[in-house]
Amino acid sequence: MTVLAAHASPLGLLLVLAVIVPLLGLAPLLLLKARPAERSALVFLAAGLAIVCALCFEVARSGAPLAYFLGGFKPPLGVGLRADGFSAFMLGVTAVVMVAAGLFAMTAPGADKPRMPLAFWMLLLGVWSALNLVYVADDLFALYVALELLTFAAVPLVCLDGRAQTIAAALQYLLFALFGSVLYLLGAALLYGTYGTLDILLLAQRAHGEPALLAALALMTAGMVAKAALFPFYLWLPAAHAGAPAAASAILSAVVVKAPIFLVVRFWYDIASPAQTAAVAPILAALGAGAVVLCGVFALRQARLKLLIAYSTAAQIGYLFLMFPLAAASAGAGVWGAIAWTGGALHLVSHALSKAAMFMAAGVIAETLGHDRIAQLSGIGRIVPISVFAFGLGGLSLMGLPPSGGFVAKVMLLTSAVQQGSWWIAVVILLGGLLAAGYVLRVLLPALQRPDGNLVPVPVARWREMVALALALGAVALGFVPLQPAAFLAIGRPASWDGAVP
Amino acid sequence: MNLAAALLIAAPVVPFLLALACAFKSVRRVAPLLLAPAAVPGLLAALLVPRDVFVLVAPAPFRISFFLDVPGAILLGGAALLWIAAGTYAATYLAKDPRRGGFCVWWLLTLAGSFGVFIVADVASFYLAFALVSLAAFGLSAHDDTAEARRAGIVYLALTLFGEALLIAAFVMLASGSPQANPLIRDAVAQWPVSPWRDAILLLLVVGFALKMGLVPLHVWMPLAHAVAPVPASAVLSGIVVKAGVIGLLRFLPLGVALPHWGLALSIAGIFTAYYGIALGLTQKHPKRVLAYSTVSQMGVVATVIGGALVQGDSAAAAIAAFYAANHILLKGALFLAVGIAAATAPGAVMPVLGLAGLLGLSLAGLPFTGGALAKLAIKGPMGEGAAGFLLALSAAGTTLLMAKFVVLLRDSAKGRAAFPLPSQRLMAPWIVLSVLALALPFTLYPLVTGERIASAFALVNVEKTAVPVLLGLALAFALHQRGPALPEVPAGDVLVLAERLGPLLARGLAGVGRLDDVLRRWGVAGALLAGLVVALAVAVRSAP
């Protein structure tokens, strides 16, 4: 590995700030009353966004990863934080979705009571801090802490309304996430016992295919797959994501499930050898294909809008795992492996933006109608046209039609699959697009039709619709990303990421 | 930036920006008046931009670029004329429609996409423009929001999205042979002979574009969608939108390479479609459905010409195919507008309308001294005197018969009140102007595409060639009208009705798969699978060298 950070970067403190600032934001929430607390949370969201922007800018400017050692102690003694191009990318995507969710959840200026309970804002900041730590920590124990914080902040978001149904969904989510944590912890303990370090970069140097390493990788990967709700472990996802309030669903579906996937990438591309990665990649891709096809079919059968979107998340996660065999072959595949990386990353960000937009739009629709039964959505396009438009644009990206990030991502993954002769992956990608079209149009077509009866809409704030629209337009704007490996993602990554491998 | 580049860019961009501007209520209110002017840049581009001009709009790595060759310019010009005429017509036709604002947005988007496919030069932009014209056309055909329109819309969308999936697969395979991320179409096609997936690419391209053109059995959406749209929308759908498939074949097939097997297959599909469209059209009871089936038939003719070009490896035939298609744009557009005119005409005053509509129909069949005869003569060049050429010539007799049927149905559809025997000038004028252009314009283009003098078209032997099928068709029509058997009406979409029988089967299959969902969401199942995954991963990773 050529990318060992031997010393801390001058601006490495940004990494600490990215994790700490959202946590600092929790303090005033404990002291203030609801309205000022909400305002203070928004201020901290803005501050967090500024820090992440600065961090991404610095990574892009220097062309090298940012690194920081807590207390000045280098691993194995201390804990290292590091942000390469991929981490900075994830930080950026998360920041955008977080701020959008905050704006969406904000109370309207004239309203007499706050829209969201105080707990929402606390959990929002907690989830953000945990996610940022997942992206920058280089230490498996710090990552364990981050994952636990993520679980404990994300689970209550599901049952904010306190209904028995959502509490059951939250418990199911919690239990399954704990399964994942246990598997992860087992793996981490095995590694520590064998190699005497938990630092990912040091592990990569010391490990050479010992049985302990292989067992640990298998355990930790299974744990992350459970937390990411990859097929066939999606049982907790539909109820949890559909039960949460719209702003929370947006975060859960757009970014929270992506964090474990980020770690799977770290395990297999930073610790394991390319040959080991190539050996497990087909298994991950097979699960991904199952997700794309079967969860897509399940989404077609849902009766409620939010459940449909949640199943769509379970399906879309599959694409990210289809990326593994395409990218795993990159040692020999050169630029075609690199384009799979870029395609996967682009799919991740366009799905994050479009799915957040769709959940928000669904929230607005449910609010104005008082229900989200798909059979009774006729004519909703005449009542909340902006939300339906946002939903449609988000759907465009899911279907992989141009212009959208989903389209460019699909073309990149297809190109990589075709070049490497992985025909079955190409077929799954195309089939997934058609299934997505099926479940998106199931909602969109009635929405554009004449209302069946008299709709008595409840008015909704225009700017909340605009937040959803802005996210969806972001997913569309990603359709203008050039069809080539992105240099930013390759910063500080193995050479295979930018296609420069001979 | 020079004028040529500005015009080429303006052609698709102006209507697109107008569509965006419809987000403002003030623009939306006057939108029907914008429909005709929105197509003017396209017409100017077709007339003023010199041939084979290449414009790079966005440099590498985007490489968004425009290119106007002879086939592209002919189709662009023909389409622009119909867009202007139909747009003028629509402004009056929809004056009382409360939902005309939304209609105008779909119209402008379809317009932008249709101009786009004729002039873009790079693969990604082509796919974008193709998707835009295909999907926005859904909004036009579904505008009336009747039960019929909803069914037509679903069938259309399902097949369109299926076609898009085939095409993106073909484009990715084609483009991955070239070093650039987004190659020009001609560079990508130039790589085709060395591609490892030549036959797969051709199959995907032909099926994907044939869907758009409506070659049998992929035509099922056309009689449904074109018959349910408002009249001016039907005119552009049947006239212009289907030509996206034609330009697709012309741009993406390696026409310079002789591919006898592929060419023969395409020709056979084309000829079958040409006759099938006529046969099914004759059973229809609604004038718009007759016209839609006639479009199916005519696109079969175009496919046969392109197939002939493939057999011989003759890239010059592209201009002739485009010429034939442009002739069809104008004639079919004018024929569809006639349906709206006749419906608003009093039965007593309908004769002149029928006369002009009949002339347009006969021109489509190749009546001598009309533009249509020149189109028929032009395709004789690449088709030669073989069986395909003979069968195509004979299909003109069928077209005559079909058009006679159309005129009879048109006569019966006249429902205007005697107090207002003819519809308003604002409906009549665009129809008459378009009809005159449709009959006359091919005379100016014929020498350009065939390289022959216009006088040759008036030579006795050529008049004879085009007159015989028309006379044969007229005689048949007369005979059938006198004592023909009453044909049963085949439901629009014909074989689709059979395919829809499979619907419940598919639903049951999906429900079966759906039950898997309930199984997988059990704790025991998920837990066991998770343990299984750990073992599977461990075994797999152990096997690594």
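This is a predicted model: local features need pLDDT of at least 70, side-chain atom pairs count only at pLDDT 80 or more; totals for chains, interfaces and linings use all residues.

Me: Which residues of α17(A) and α20(A) make the contact?

Reply: From α17(A), they include A:Phe389, A:Ala390, A:Leu393 and A:Leu396. From α20(A), A:Met466, A:Leu469, A:Leu473 and A:Val476 are among them.

Me: What classes of residue make up the contact of α17(A) with α20(A)?

Reply: There are 12 nonpolar, 3 polar and 1 charged residues. Leu and Phe count as nonpolar, so A:Leu393 and A:Phe389 belong to that class. Glu counts as charged, so A:Glu465 of α20(A) is charged.

Me: What makes α15(B) and α19(B) roughly antiparallel?

Reply: Again, look at the angle. The axes of α15 (residues 317-343) and α19 (residues 425-440) of chain B cross at roughly 150 degrees. The cut-off for roughly antiparallel is over 145, so α15(B) is given that label relative to α19(B). The axes come within 9 Å. This crossing is left-handed.

Me: Which residues of α15(B) and α19(B) are in contact?

Reply: On α15(B), they include B:Leu330, B:Gly333, B:Leu337 and B:Ile341. On α19(B), B:Met428, B:Trp431 and B:Leu434 are among them. By class, the contact has 12 nonpolar, 3 polar and no charged residues. Gly counts as polar, so B:Gly333 and B:Gly340 fall in that class.

Me: How do you know whether the length of α19(A) agrees with its number of residues?

Reply: α19(A) covers residues 423-448, which is 26 residues. At 1.5 Å a residue, they should span 38 Å. The end C-alpha atoms are 37 Å apart, which agrees.

Me: Where does α19(A) bend?

Reply: α19(A) bends at A:Leu441, by about 35 degrees.

Me: How many residues does each chain give to the contact between chains A and B?

Reply: Chain B gives 40 residues and chain A gives 42. On the chain B side, α6, α7, α23 and α24 each give two or more. The largest share comes from α24(B), with 11 residues. By class, this side of chain B has 30 nonpolar, 4 polar and 6 charged residues.

How values were computed
Residues are numbered from 1 along each chain as its sequence is written. Chains are lettered from A and ligands numbered from 1 in the order in which they are written. Two residues are in contact if their C-beta atoms, placed from the backbone, lie within 7 Å. Helices (H or I, at least four residues) and strands (E, at least two) are DSSP runs, numbered from the N terminus. The expected span of a helix is 1.5 Å times one less than its number of residues. The bend at a residue is the angle between axes fitted to the seven residues ending there and the seven starting there. Axes are lines fitted to C-alpha atoms, for helices over the stretch in contact, and angles run from 0 to 180 degrees between N-to-C directions. Angles under 35 degrees count as roughly parallel, over 145 as roughly antiparallel, 65 to 115 as roughly perpendicular and the rest as oblique. A crossing is left-handed if the near helix is turned anticlockwise from the far one by less than a right angle, and right-handed if clockwise.
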